[in-house]
Amino acid sequence: MNALIFLILFPLFISLLALFLPRALPGRKVIGTIANAVLCAVPIYLLFATLDQGPSYFRLESGLINIGMLVLEVLIAAYIIYLSVRAKRYLPVILVVVQLVTMLGFEFSYGHSIQVEHSMFLDKFSIIMALIVGIIGSAICLYGFGYMPEYHEHHPEVKDRRNYFAFLMYLFLSAMFGIIFSNNLMWLFFFWEVTTLCSFLLIGYRDDKASRDSAFRALNMNLIGGVVFAFGIVILFVSSRTMELDKLLLLDQGVVLLPAVCFAFAGLAKSAQFPFSSWLTGAMVAPTPVSALLHSSTMVKAGVYLILRVSPVMENTVAAQMLTLIGGVSFLVTALIAISQSNAKKVLAYSTISNLGLIVACAGVNTDAAVWSALLLIIFHAVAKSLLFLCVGIIEYKLGSRDIEDMDFLIMRLPKLTAVMMIGMAGMFLAPFGMIISKFVTLKAFINTNPVMAIILAYGSAATIFFWTKWMGKIISIRHGETEVREHEVSNWEWTTLGILAVATVAVCIAFPFISFHVIDPYLMQLFNTVPVVDTFNILIVFVIMFGLLIILPLGLFYYAFINKDYKRVGTYLGGGNISNITYEGAMESSQPIQIKNYYLEKYFGEERLFYIGVFVSLTLIFIMFGVTAI
Amino acid sequence: MGWFKRSPWILHYNATSCNGCDIEVIVSLTPLYDLERFGIINTGNPKHADILAVTGSVNEKSRQVLINLYEQMPNPKVIVAVGLCAISGCVFQDCYNVMGGVDKVLPVDVYVPGCAARPEAIIDGVLKACEILEEKYSQQKKIQSRLAKI
Amino acid sequence: MNTIQEMFQVWSMLERMLAFVLLAPLLGGLIAGIDRRVSARFQGRYGPPVLQPFYDVLKLFRKERIIVNRFQNFTMVLFLIFTIFSGALFFAGADLLLTIFSLALAGTFFVLGGFCVGSPYSHLGAEREIIQQVAYEPMVILMAVGMYQVTGSFKVSVIAQYQSPLILYLPGVFAGFLYILTIKFRKSPFDLSMSHHAHQEIVRGMTTEFSGPTLALIEIAHWYENVMLLGMVYLFFAFNPWLGIGIALLTYLFEIFIDMNYARFKWQLTFGSSWLFTAVAGVSNIIVLGLMKI
């Protein structure tokens, strides 16, 4: 248990250090690096220390902590009200006030009768989340050391508040650990709200109009989720006198279904599923470490974490089917929208929502195979997506643009970065990487329970092939001639992080039988008393492909780069009009450069049309979900 | 073994021809004359072609294009000049803008006379070009093996 | 009548994989040759000899090696390796979904080859190849889903030995599969990205910058893929092996017939009609099967 408390308090301590230590202090980066190493090491230690144990529950004397949390909640609410009034936005004020009144009223009426047996707990799912937050979170903070100086160089108009930035990042990590390890729902709610606050402040870091708009939109949507979360807690306690997550799962479905649906709704808001997806796509104005950490690997995972935790309660109800459909609709529609986007960060954002939709759908189905693949999806997605965000962040400053159309010939300008990006992209949709294993198992899980989802999955995975292959092709195009290589300008902090995450992407795929057997299966056993039978022959084939690629690719590249000399170089076919390697003869004897653009199919997959369809369908499903439960 | 003879692929280029010979070349592919029964395919891409069939008396613009296309063709390759204009420029020989035939620009292997050249003559010329293709290939191989021995 | 099934059971997996790797190019080339001959006859011409594809490939191996950049040929080598691997998996009786995903990986390498040369024609061909892949992917996955719903397993070995006629349960899926088979065989009206021999599309589409031995490898890879696709058609009629083989060959003749009759569609029509046809034929079949189980 000490490890858990340490993981919550240590980042908090580091965040305060980051805030108050002067920037000029030379040891700052060293302290940061050590802190990150510690944050990686402790979850790994937890993994191996509890490898053979089941879930453990911990008691904590919580009177003082509860009062402290209440005070902090009031302060946070006041701060949000202050910022909102200053920006002349009143919706957050209303939401915060409603939330505060609910919680305070609840606390004063029932506070004395809340008895919590175990405030914190640790099971295999928590360990997976802790590993993700610890390793990826600290890797991204490491990246931030190299990235933020460059950010401020490129944006001299942004006020340099790097201390504050680091403070918020580590505070966020602390809150994430809090969410993962809390069994007491009041505590979970507190940490949940802290992450909302961090997200709001980090998105608004730049403090210009676009950032403020996006920040407030994120705040509004997460607050809506928070308000419903608060209602859920109140309803839960009033009807069943429980405040603990593990006890919630043991209660009679009729009693706790409505609170569970409320929590699922809060999770949907935090994970940016339809109808809440616009906050995530808007949040891409934030600096890259924020996008990588909050909006792809950790905070949005907190949303699906909550949904996965409460979904056993909703088993075999219409509400669960609605949840599955919302996930499915988000998955399909965002995959289609991503085809028409050329802004790299937006493509990544939509891809994130898409994968989260798949996880939510698995949670709704709630069989052992579905939850197995949901957990694997969480792991694989977190690693690959954060890697991609970090790469795009670097590319943005080396090329001066986030647009995919400007990433022509990237392999010639930034070769090592392109190689790393290819690993990340392959990790998102290609065999033999993890996502394909998860999609494989997800498909099997869906067929047995819900064929409509299998159909959605078929169409959705076709759509994901489209935008990833398009992007991959763009960056590996090669042409003759000189190109400026600017790779030496990438800092060592950034290279280290990219290296760690790239290795993690591959390692997680190779290690997945271990992960499955030792970490995921025990969790499933505890939930379902069965584990999905995994076909060993299939696993063998996947490994053959994986290792085959790992051997053939380097050998082949080496051979073709250095050994194979039996060839003659000619120009590309341009109808015979080649002038030089990059120009051809156009009309009136003009010399035209070769330009190559991708298809975006905006007429069919344009954001506006599909967005409204998605919002409309999901709102309908949510109404049905709540309506059926309330009756 | 004669694989070139059995599967020659043509790239057809019009260097300022009046289109008469071009039509006859394309007609050779139609069911009446059917070049495909010899395995001949009209590809539009120099990188896939063995035979470059050129019609028209060449001028400045098409000169550069012809050279580009020729360079992008892999060895062994042959050039067939189809029609009198491609052979010598015919009636346009002395015009200021005309170079006067393909062999002013590229090494021609087979000349197919006619204005417009008849499909039968074109087929005859292409088949002769296939024989030359085989010869070029075997010469190439001989040279390569001698080089390897050095 | 059951010699094929006996052969299937008696030959071990390794023997089947080896048979595929060695015999499929011969079979595929022969089918391609028959294709050209029959198409020519449809058009009232004589057409090339049936062994013409082999002559073509052998000639291509003898051409000089020219390249635009050093790595383009590697992508095609990978394409060939993974197509062979997928086909070998299929005939070894492995999981159908895994075979499909492996084939998708091969297709991705193919497309990346088209992209990496940086030429406008090649690039356009590659984009259209992606559109083709996206057009047929849902149906192929739904075919696997449909087969699972009927036989209870994804394994090709189980499906191939299922005693009941799959076609009776999966008529919609079969119709949808036939529709997208035209795309996979690269026949009009769906030969958007790189067309067979005499048809040109955006010059040579994706294969514009490839020549000589690499082009031969692409051709051979397409032969392997065709044999595998005919194998998938066979699965629908596996209850009677000779019927299965007969229908597979008839299907190919049917594809040639469609090829001869239709001009190329625009990519919008290809994409839209494939997804729509998949939805109408394939999805309805799957949903009916799903309801039947309940």
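**Notes on an interface, a pocket and some backbone details**

Author: Between chain B and chain A there are zero salt bridges. This is a predicted model.

Reader: What polar contact is there across the interface of chain B and chain A, then? How many residue pairs?

Author: Six residue pairs are in polar contact across that interface, with both residues of each pair at pLDDT 80 or more.

Reader: And how many residues of chain B are in contact with chain A?

Author: 11 residues of chain B touch 11 residues of chain A. Together the two chains bury about 780 Å², and carbon and sulfur atoms account for 46% of that area.

Reader: How many salt bridges over all chains?

Author: The whole structure has 28. One salt bridge pairs Lys209(A) with Asp213(A), at 2.8 Å from N to O.

Reader: Where do Lys209(A) and Asp213(A) sit relative to each other?

Author: They are in helix H8 of chain A, residues 209–240.

Reader: Changing topic. What is the volume of the second largest pocket?

Author: About 850 Å³. The lining has 28 residues, and those nearest the centre are Ala419(A), Met422(A), Leu553(A), Leu557(A) and Phe109(C).

Reader: Which elements give two or more residues to that lining?

Author: From chain A, helix H18 (415–429) and helix H23 (536–563); from chain C, helix H4 (72–92) and helix H5 (96–116). H23(A) gives the most, six residues.

Reader: Backbone now. Which peptide bond is cis at Pro275(A), and what is omega?

Author: The bond from Phe274(A) to Pro275(A), with omega near 0°. Pro275(A) is in the loop between helix H10 (253–270) and helix H11 (278–282) of chain A.

Reader: And what joins Asn75(B) and Pro76(B)?

Author: A cis peptide bond, with omega about -10°. Pro76(B) lies in the loop from helix H3 (60–72) to strand E4 (78–82) of chain B.

Reader: What about phi of Lys88(A)?

Author: Phi is positive, near 60°, in a residue other than glycine. Most residues other than glycine have a negative phi. Lys88(A) is in the loop between helix H3 (63–86) and helix H4 (91–110) of chain A.

Definitions and conventions. Residues numbered from 1 in each chain as written. Chains lettered and ligands numbered in written order. Predicted model: local features only at pLDDT ≥ 70, side-chain atom pairs only at ≥ 80, totals over all residues. Heavy atoms only, no water. 1 Å grid on protein atoms, 1.4 Å probe; cavity = no way out; pocket = protein on both sides within 12 Å on 5 of 7 lines; lining within 4 Å. Points joined across faces, edges and corners; volume = space filled by probe spheres on them. Helix = DSSP H or I, 4+ residues; strand = E, 2+ residues; numbered from the N terminus. Contact = heavy atoms within 4.5 Å. Buried area = accessible area lost by both parts, 1.4 Å probe. Salt bridge = Lys/Arg side-chain N within 4 Å of Asp/Glu carboxyl O. Polar contact = N/O pair within 3.5 Å; in protein donor to acceptor, adjacent residues only side chain to side chain.
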